[in-house]
Amino acid sequence: MTEVAMEKPVDTLPGFDEAHFAAVLAQGESAVLTAKREEAFKDYVNIASPTRTDEEWRRTDPSLFPIADMKRLPNLPQVESLPESPWDAEFDVVIAVQADGFAIMHRNGTAAELGISVLSLAEAAEQKPELVNEYLQGRALPANSGKYEAFNDAFWNFGLFIHIPEKVEWEKGMLIRYQMDVNDSMLIPRMVVVAGPQSRAVIAEHLESPDTVRFMAVPQRELYVAEGANFKLVSLQEWGLNSYQITNDWGLVERDANLNWFTLNFGTARSKMKFGSDVAGPGSAADMDGLFFASGEQHMDQRTLQIHSSPDTYSRLLYKGAVKDTGRSVYQGLIIARPGAIRVDAYQTNNNLVLNEGARADSIPGLLIDADDLKCSHGSTLGNLDPEQLFYLRSRGMSEHDARQALIMGFFEEVVDRIPQKFIQDIVHKNIEEKMEK
Amino acid sequence: MSETKTYLEIRNLHASTEDTPILKGVDLTIAQGETHALMGPNGSGKSTLANVIMGHPAYEVTDGEILFRGQNLLELEPEERARLGVFLAFQYPVAIPGVSVAKFLKSAHDATHGDNKLKPAEFLKELRENIKYLEVDDSFINRYLNDGFSGGEKKRMEILQMLTLKPRFAVMDETDSGLDIDALQVVAKGVNKLAGADFGLLVITHYERILRYIHPDHLHVLIDGKIVHSGGSDLVKKLEEKGYDWVRQEFGEEVLVG
Ligand SMILES: Nc1ncnc2c1ncn2[C@@H]1O[C@H](COP(=O)(O)OP(=O)(O)OP(=O)(O)O)[C@@H](O)[C@H]1O
Ligand SMILES: [Mg+2]
């Protein structure tokens, strides 16, 4: 039999065509990175752009994202250092990312002593090409990736590669803080984290931009949690209210390893975010905690995937959201148990507070199971504050305003309480308060 | 002056929920320093009366008035009533996950004490004393309010709140139900700590048992939204001696009890 190669029509996102890609390559970088980009670009042009008829995009029209207006920032240059921020002291390494450059700042010798690599992808490709080759666009990504995954693979303009060697316990971990302030610019960050066998580490991310700046981010993260490792990622997203984001994040969790992943979303005008974890080795576990608050005219769409590709695995997901004013949220969750994934425990909960008429939250939990002998539960709730709880607090002298605040805060507390860093808990509380007041 | 002052005055109170009348003309006057007991069959409207005194938005007052120390409570929001010193120990306290007992008690204390707020350290000291007094476990204060509490723990929590807020007038809605004797004594201890000249109490109960610990000056029987019988210490004594069954026989409650 002969195979006939079918020529698919070339499909590119506005402004991100062949010529643009050639210009990206012309910026020059290591062979391993160029090869990966070229491979990705082929996929990118062959994957159809999403439309509203795709189930994933049914509630979030792709045309909400003004890609045509956004200019890709040139590959961010690395600079020696950037100004300090109040929470830097909590970490051993701080990476500051701005539109005109980024700095990797070691605050002490800990990372070096432990043999931890915190490198830009460009540096990593020079120093550890075989690791980059293995993990960038590696096994964490799904076989059939979507348009924006391939787009990020081909066009990323800021890349990080973090490697924590076997058995290393990195207690204080690192902070990556983004402060973007260039109008009509696009940041396409790529992060690869490899937590080696039996290692333990925590990474915090803080994403910020001023409300006045119109800007777009299309990040992608690949998290590799090797056998017996324990890795925590806390991502606090406070992009300004005039910004846009399309995210695709993937975690691969090997035998007896544990991934604890927090996604805390307050910002953007429009965002579409996908977070997927695969508990891929027996005894592995993923805890996914999320929190989101869409107020004003914000539109936030989140899709989570809890993939169980191995037997004897555990995943627990708790996403709590509030919508207010004409805010809109979409939560789609999917538990996927692959054939043979028996003795699986999978839990998915999405609770939503709808704080006024005119605000809207859609919650679509789901299961896709190709195995038996598993314990699965999924559930969601939607509703305003409970009048009995409100009355109880008011009967103790709290004003209606304060009682509402306490209840909304309390609603989120189950997630906030688990966040490992106190200062992030504080910022989260402040964000919730501000959203309630506005 | 030895003359007793009127504290709480309820006149011809009518209240309904979703157009169903529940209270159908309640008259009740409580003088300063007095304790009154209110009994009556299930569904007669006792909790509704308690909730209306506190200002629950689910009930509409269609007629009558409630005056507290001369002030018309019906014009006030629940929190304003609380700040005047009105307190309700709920029959079924709701759980509030995510709100810790300590934080909640501090907010409630601050809200009801206007200019006499305590510094956090002073507040904590007083809270610890109250906790000890009520024989409540220390770990209580770091738990979420009523979340996962047993029935008895919830009732103790109500009393702890009462001691913290030091109200002038309290309604205790079946705080005694489901409590063992030890817990009941703790509740009585709490009440007796507040009892005094500037305190009034309305105790709603199904059982004469609690009356041995909290000695009411007056007793009322509520049936179908109306007080059908009231009496002073004679009636209380009779009830203590003859038990609550006597009320049932006297007022035909046996057909109503669920
Ligand atoms: N919020 C409400 N919505 C609908 N019906 C109500 C509401 N509150 C009270 N009722 C009804 O009003 C009546 C009186 O209820 P209430 O709770 O006041 O009785 P109670 O005397 O406290 O009874 P119990 O001894 O069982 O506590 C009952 O028929 C009850 O079903
Ligand atoms: Mg009742």
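Trainee: How many salt bridges does a search of the whole structure find over all chains?

Mentor: The search finds 44, each being a side-chain nitrogen of Lys or Arg within 4 Å of a carboxyl oxygen of Asp or Glu. This is a predicted model, where local features need pLDDT of at least 70 and side-chain atom pairs count only at pLDDT 80 or more, while totals for chains, interfaces and linings use all residues. Residues are numbered from 1 along each chain as its sequence is written, chains are lettered from A and ligands numbered from 1 in the order in which they are written, and side-chain values use heavy atoms, with hydrogens and water left out.

Trainee: What makes Glu77(B) and Arg394(A) a salt bridge?

Mentor: Their side chains meet at 2.6 Å, N to O. That is within 4 Å, so the pair qualifies. The pair crosses between chains: Glu77(B) is in the loop between strand E5 (71-72) and H2 of chain B, and Arg394(A) is in helix H7 (residues 387-394) of chain A. Helices (H or I, at least four residues) and strands (E, at least two) are DSSP runs, numbered from the N terminus.

Trainee: How many salt bridges are counted between chain B and chain A?

Mentor: The count is three. One of them joins Glu158(B) to Arg396(A), with the closest N and O atoms 2.6 Å apart.

Trainee: How do you know which residues belong to the contact, and how many does each chain give?

Mentor: Contact means heavy atoms within 4.5 Å. Chain B gives 32 residues and chain A gives 18 residues. The area buried between the two chains is about 1900 Å², 63% of it from carbon and sulfur atoms. In chain B, Glu79(B), Val94(B) and Ile96(B) lose the most area to chain A, together 24% of what that side buries. Buried area is the accessible area (1.4 Å probe) that two parts lose on being put together, summed over both.

Trainee: Which helix gives the most to the side of chain B that touches chain A?

Mentor: Several elements of chain B each supply at least two residues there, including helix H1 (46-54), helix H3 (101-112) and helix H5 (151-165). H3(B) gives the most, with five residues.

Trainee: What makes Lys106(B) and Asp110(B) a salt bridge?

Mentor: Their closest N and O atoms are 2.9 Å apart, which means they fall within the 4 Å limit. Lys106(B) and Asp110(B) are four residues apart in helix H3 of chain B, so about one helical turn separates them. An α-helix has 3.6 residues a turn, so residues three or four places apart point the same way. Both Lys106(B) and Asp110(B) are buried.

Trainee: Where do Asp426(A) and Lys422(A) lie?

Mentor: Both are in helix H9 (residues 422-437) of chain A, four residues apart, about one turn of the helix. Lys422(A) has a relative accessible area of 55%, so the word for Lys422(A) is exposed. Asp426(A), at 36%, is partly exposed.

Trainee: How do you know on which side of H7(B) the buried residues lie?

Mentor: In helix H7 (residues 233-242) of chain B, the buried residues are Leu235(B), Val236(B) and Leu239(B). They cover an arc of only 100° around the axis, so they lie on the same side of H7(B). The arc is that of the directions from the helix axis to the C-beta atoms. The face turned away from the buried side carries the exposed residues Ser233(B), Asp234(B), Lys237(B) and Glu241(B). Just after H7(B), Gly243(B) takes a positive phi of about 85°.

Trainee: What is noted about the phi of Arg343(A)?

Mentor: Phi of Arg343(A) is near 50°, a positive value in a residue other than glycine. At a relative accessible area of 44%, Arg343(A) is partly exposed.

Key. Buried means under 20% relative accessible area, exposed over 50%, partly exposed in between (1.4 Å probe, protein chains only).
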